[in-house]
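Subject: Structure handover

Hello,

Here is the structure for you to look over. My notes follow below.

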Amino acid sequence: MKKEIQVVAGIIENEKKEILCTLRPMGKNFENMWEFPGGKIEVGENSVEALKREVKEELNLDIEVGDIFIWVKKEYKEFIISLRCYMCKIKDINQFRLNEHAAFLWLKRENLDSLVWVPTDSIIIKKLRED
């Protein structure tokens, strides 16, 4: 039986209604593909706590986590990803810095398709286009 990995991600919108897109670094699964910031839920955390921690670690940002946008399950060859994705806002952009990602972009919803996304995140992109 494949291991199911519990992860969270944030759709972080700025005041211009642009969404933060982050590029996975070389040497990691799905290297050089775009994703929404987030990561694995650790033991003892709920999904909101995990998302706040991951965004702080990866981007040095404090965020407000809103409603869940979508819960995606995607099966890969070696594992299953169970991803809870939330709508988020940044509390203060001034401390922003990339700690783990190779690059970032702010894009409007209609331009998200211009990037090559991690397959799990591609499902989120599809729903964002529909909303």
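Asn32 is partly exposed, at 46% relative accessible area (partly exposed lies between buried, under 20%, and exposed, over 50%, with a 1.4 Å probe and protein chains only). This is a predicted model, in which local features need pLDDT of at least 70 and side-chain atom pairs count only at pLDDT 80 or more, while totals for chains, interfaces and linings use all residues. Residues are numbered from 1 along each chain as its sequence is written, and side-chain values use heavy atoms, with hydrogens and water left out.

Asn32 has a positive phi of about 60° and is not a glycine. It sits in the loop between strand E2 (19-23) and strand E3 (34-35). Asn60 also is not a glycine and has a positive phi, about 55°. Its loop runs between H1 and strand E5 (63-75). Asn60 counts as buried, at 13% relative accessibility. Most residues other than glycine have a negative phi.

**Overall build**

The protein has two helices and seven strands (DSSP runs numbered from the N terminus: helices are H or I with at least four residues, strands are E with at least two). From the N terminus, the order is β-β-β-β-α-β-β-β-α.

The radius of gyration is 14 Å, which agrees with the value near 14 Å for a compact globule of 131 residues (taken over C-alpha atoms; the rule is 2.2 Å times the number of residues to the power 0.38). The C-alpha atoms fill a box of roughly 45 × 35 × 30 Å along the principal axes. Of the 131 residues, 47% count as buried.

Of the contacts with a separation of 6 or more, 68% join residues 24 or more positions apart (contact means heavy atoms within 4.5 Å).

**Largest pocket**

The largest pocket holds about 560 Å³ of space. A pocket here is an open set of points on a 1 Å grid over the protein atoms alone, where a 1.4 Å probe fits, with protein on both sides within 12 Å along at least five of seven lines; lining residues have an atom within 4 Å of a point. Points are joined across faces, edges and corners, and the volume is the space filled by probe spheres set on them.

The lining has 27 residues, and Val7, Arg24, Glu35, Gly38 and Gly39 lie nearest the centre. E1 gives the most, with four residues. Elements that each supply at least two include helix H1 (47-59) and helix H2 (119-130).

Best wishes
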